[in-house]
Amino acid sequence: MPATASERKTIVVVGLGMVGIAFIEKLLDLDTAGRYRIVTCGEEVHLAYNRVALTDFFQHRNIEKLYLNSPEWYTKQDPDRFQFHTGETVTSLDTEARVVATDKGRTIAYDYCVLATGSDATLPAYADLSIPGVFVYRNIADVDKLLAHAEKEDVKDASAVVLGGGLLGLEAAKAVYDLPTIKDVAIIHRQTYPLSRQLDAQGGEIVLRRIEGMGARFLGGTSVQRLLTDDKGALSGLELSDGSTLDCNIVIFSIGISPRDDLARTAGLACGQRGGVLVDDHLQTSAKDVYAIGECASWKNNTYGLIAPGIEMADILAFNFTQAQTHVGSFKLRQMNNPDLSTKLKLMGVDVASFGDFFAEKHGQVKSSVNESSSTASLPQAPGGKHDASAPRKRHGAAAAAEGPVEALTYRDPFAGVYKKYIFSADGKYLLGGMMVGDTSDYVKMVSLVKKKKALDVPPAQFVLGSRSGSEDTGEDLDDDTQICSCHNVTKGRVVQCIKDGAQSVADVKTQTKAGTGCGGCIPLVTNIVKSELKKAGIAVNNNICPHFAMTRADLFNVVKIKKLTTFTAIMETVGVKPDSVGCEICKPAIGSILSSLFNEHVMNPTHHANQDTNDRFLANIQRNGTFSVVPRVAAGEITPEKLIVLGQVAKKYGLYTKITGGQRVDLFGAERADLPSIWKELVDAGFESGHAYGKALRTVKSCVGTTWCRYGVGDSVGLAVQLEERYKGIRSPHKFKGGVSGCVRECAEAQGKDFGLIATDKGWNIFVCGNGGKRRANPRHATLLAADVPPSRVVRILDRFFMYYIRTADKLMRTARWLEGMEGGIEKLRKVVLDDELGICADLEREMDELVGTYFDEWRAVVDDPERQKQFRQFVNTDERVAQTEKITERGQMRPANWSKATLPLVMRESDIAVPKGEWKWRKLATVQDFVPTDSGTTSAAVRYGDSQIAIYHIPKRGYFATQQMCPHRRAFVLDHGIIGDDPKSGSLYVSCPMHKRNFSLTTGECLNDDSYGVVTFDVKTDGDDVLLLLPEPEDLDIVMGTSKWMVRQATAELIDRGATQQSTVEIVGPTESVEAASGVAVEQGCSGSSCNGEKLDW
């Protein structure tokens, strides 16, 4: 809630220069709560202008071109929040009465006062500005005087001298050099080369050559003793330190600056011996609620004549006024650190830059880290005022490098006028500083490397010599015999050959080679190889979502949004290739995600349930034994003892395996599907919500303890992580995404390995995006910095835009890492969209996120409160009995499923494997129509138990009922009723896609459509009124082939197979004798029926 006018605190800013207006702008921008009213007085008649660009004024003579903000900007400001007075000087400051007075008789009461009075030019004792022809170079008034004098008739063809060869001196020299009335220019400097505070002798020599090449003179290693005047009292020349004289009509003093602290001294504020208002680390003066920033401030007895430190002070003070307490939690007050004195300017027509500790080599070792105070007052103190010798002082990484010996790499090209010197730690791991002349194109990158203080990932020589381009992501650098898919031993050459043989998509390659059908880790590389080879072959790369939709996910998202299509059926009928298609295991989950991202209806609603993959279908992650995991949300990893106890009690009651996850949650594994509603009832009653570990949605926002507990904490990482997790929970996206929030640069939450991560610095939050899931050889991808030093109050909106843009534009099942890597323009494009609003959609993205967040509901609470939904979790619809599907073993005190064998044996099961002829089978009632909750908007399915066998029955609208065995032969998992029903858009042939590893089995023939090593038995189905009947043999005849106990995965069997079972092995695999024996090479013996024989033979 914004503050009212009466609640606002008044901040008086004394000075309307570059630093003063920077503070005002930043405070107005950050003060979203409207807590402050600003009043400022500037002694110049002009609005705030760019003093650094004074040289440009010589050319255009238009002050408005220098304005930092247009006059309209000032008039548009709310007068209740900002008032300004130009041409008015503050003449007194009363810190007791908390008022300031001006030369126009105005008095202004303040709650806080900020001094931004700047500095004056330093003048030697002999200087006299009343002498015609003697000038300084500080502001517009100085320039106006100089120009007026230079245009006098008696001054034409004058000689000008600039005293001082530093940054401002060279600026002044260039300005007068370009004046048509000036005949020649000389620069006098105490050092033998110009820019002696930024460059070494070799770099200075390059600049000196440029100066002399322009026709100007440089007199180094000398100084001026006095001014010479003519009989009219005007300047006529200078007497130098060696007694010689130099004729000139104009002299400009540019030898340094002196802080303007007269107002502060008169008010009794403490000032430094060398000038400047003394301030502490928070920029407060010796008077309460009075601050000083810019060139008038003396921090640790240092004043700064560059604009950057002043802007940094303005940043710090505006931040501390507005961001210490916000709606996203508290943040440690920012403190002044040793400022970055890096500079980059074009002087006398040559680009010059220096960065970091550019004189590290000169003084033998690098200065202390910028985060360390040079004052002993900040060291740990023991009682009695002595330094605490036990305080840890050991240095590591960049800090240690900064205190040790250094090495320099130098590049000098006198022909092109280029000089570069980069200074590294002796081991070459850290860049410490450097200087550039003539070519400053790498300046921004170099400054960033120095500031981050991270170990370099390239050799130092690469910064001077450059590097070869890296390997392409298309695998061009790989030999044909390089293994691409380790699960199925598929080489790059085999993938390439597939394209040559006519394959036109990744799906075609997967079908022909099985690449990507195992763990899936190779898919990114396989995809890129396929795209590259298709391009070589002149075949247009097809990015369509699947054969059912001739468009990308991003296009489909926009169509669904604009046309307001709310069901899969409506979408298929409107834009599908074949309007009456069922869809497939690719488009159904993708469209389910799109519908959730737009409308967020419950995924278990009948109209949406068929679109969900197994995890979303049952709101839990399916595990390899067909059971599920339970993962309640624990926002930011923060949990009460009472809730921890509940988790333990639930795990013990239901026999669940427990594990702490990397995302700071507790996973409960091994939950039977039928138990899920009961388990969640207890958790919901205890205050837990769904953790959405099953969805392509936000998983967790990991955090360290930040300022809550940690002595190093800068930001409230727990508070922010909780808020972010609460805000984005339940939001469906193209793929899962995870976050991390670290309360300081120690990065304990590993935020740079997440889809989005925040790290607190002393200036705000650094926002990193698109980490993990990278495509380079399936390796993880480090997150990329999106925005640095973001004020806490701005974090949420930037993330809102990022997430919604990702949801809008990413391809199906595309992690943020691959999304960014595939984005044309990369991170720069993303910054332009979500930070600079290049597309003009930021407001839309924020509004859409607000709407989506507003639709949140706890999916598991909705199930717990709805008995009808709970029925969908039954293992079998025709009995309440439960059947174990995998043997359980004990390991480290907990139960877990027996291992799968590492070898995956082929297994094609056929109807002919059943000994009893089909003519002797009978129709048997196993379910009712109501058990399937049939709907015209989607397929439904259920499992039934028949003897010891399990059968999956499917209902497809307008197509009727179908049935197959429940077990997928690939991994002997009883899960086919969980699978997505799909069809071929050309032939209309129906299939079920196994939820485990996406083997697709025809619902009519049972053959596996994408792996001929497997097959299932199908059954005829019919309805009689409300009854659903299947044509089946007697239970004991079917159990011999597909009984659950016969195919159950057992530890001993898996171990035996992995050791290399032979024809003589007595492994009992009861089922199809000839086909299994021929396919697997394992002897098959007739076994008994039932759950176990308790003999020497091994069941599956």
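Here is a walk through the structure, from overall totals to single residues.

The model is predicted, so local features are described at a pLDDT of at least 70 and side-chain atom pairs count only at pLDDT 80 or more, while totals for chains, interfaces and linings use all residues. Residues are numbered from 1 along each chain as its sequence is written, and side-chain values use heavy atoms, with hydrogens and water left out.

Let us begin with the whole protein. Its secondary structure comes to 33 helices and 54 strands; helices (H or I, at least four residues) and strands (E, at least two) are DSSP runs, numbered from the N terminus. Of the 1100 residues, 54% are buried, where buried means under 20% relative accessible area, exposed means over 50%, and partly exposed is in between (1.4 Å probe, protein chains only). The protein exposes about 47,600 Å², and carbon and sulfur atoms supply 49% of that area; accessible areas come from the Shrake-Rupley method with a 1.4 Å probe, and for residues only the protein chains shown count as cover. Among contacts between residues at least 6 apart in sequence, 64% join residues at least 24 apart, a contact being heavy atoms within 4.5 Å.

Next, the interior. In soluble globular proteins, nonpolar side chains tend to be buried together. A nonpolar core here is a set of buried Ala, Val, Leu, Ile, Met, Phe, Trp, Tyr and Cys residues joined through side-chain atoms within 4.5 Å. The largest such core has 104 residues, of which Phe-23, Leu-93, Leu-115 and Ile-293 touch the most other members. Helix α1 (residues 18-30) gives the largest share of this core, eight residues. At least three core residues come from each of domain 1 (9-118 + 260-322) and domain 2 (121-258); the domain bounds come from an automatic or database domain assignment. What does Ile-293 contact, leaving aside its neighbours within four places in sequence? The list is Val-19, Phe-23, Val-114, Leu-115, Ala-116, Leu-283, Met-313, Ala-314 and Leu-317. Apart from this core lies another, of 78 residues, including Ile-956, Phe-974, Cys-1008 and Leu-1038.

In helix α16 (residues 568-575), Phe-568, Ile-571, Met-572 and Val-575 are buried. Seen down the axis of α16, these buried residues fall within an arc of 100 degrees, so they line one face of the helix; the arc is that of the directions from the helix axis to the C-beta atoms. An α-helix has 3.6 residues a turn, so residues three or four places apart point the same way. The cover over the buried residues of α16 includes α15 (553-563) and α17 (587-598). Helix α5 (residues 167-177) has eight of its eleven residues buried, so it is largely enclosed by the rest of the structure. Those buried residues are Leu-167, Gly-169, Leu-170, Glu-171, Ala-172, Ala-173, Ala-175 and Val-176.

Glu-239 sits in strand β14 (residues 235-240) and, at 17% relative accessibility, counts as buried. Its side chain makes a polar contact with the side chain of Arg-226 (2.6 Å). A polar contact is a pair of N or O atoms within 3.5 Å; within protein, one must be able to donate a hydrogen and the other to accept it, and residues adjacent in sequence count only if both atoms are side-chain atoms. Asp-289 is found in the loop between β18 (277-279) and β19 (290-292), and its relative accessibility of 9% makes it buried. The side chain of Asp-289 makes a polar contact of 2.6 Å with the side chain of Arg-98.

Finally, the backbone. Most residues other than glycine have a negative phi, and most peptide bonds are trans. Glu-750, in the loop between β35 (737-742) and β36 (756-761), has a positive phi of about 55 degrees although it is not a glycine. Glu-750 is partly exposed, at 45% relative accessibility. Asp-789, in strand β38 (residues 784-790), has a positive phi near 55 degrees. With a relative accessible area of 30%, Asp-789 is partly exposed. A polar contact of 3.1 Å joins the side chains of Asp-789 and Thr-761.
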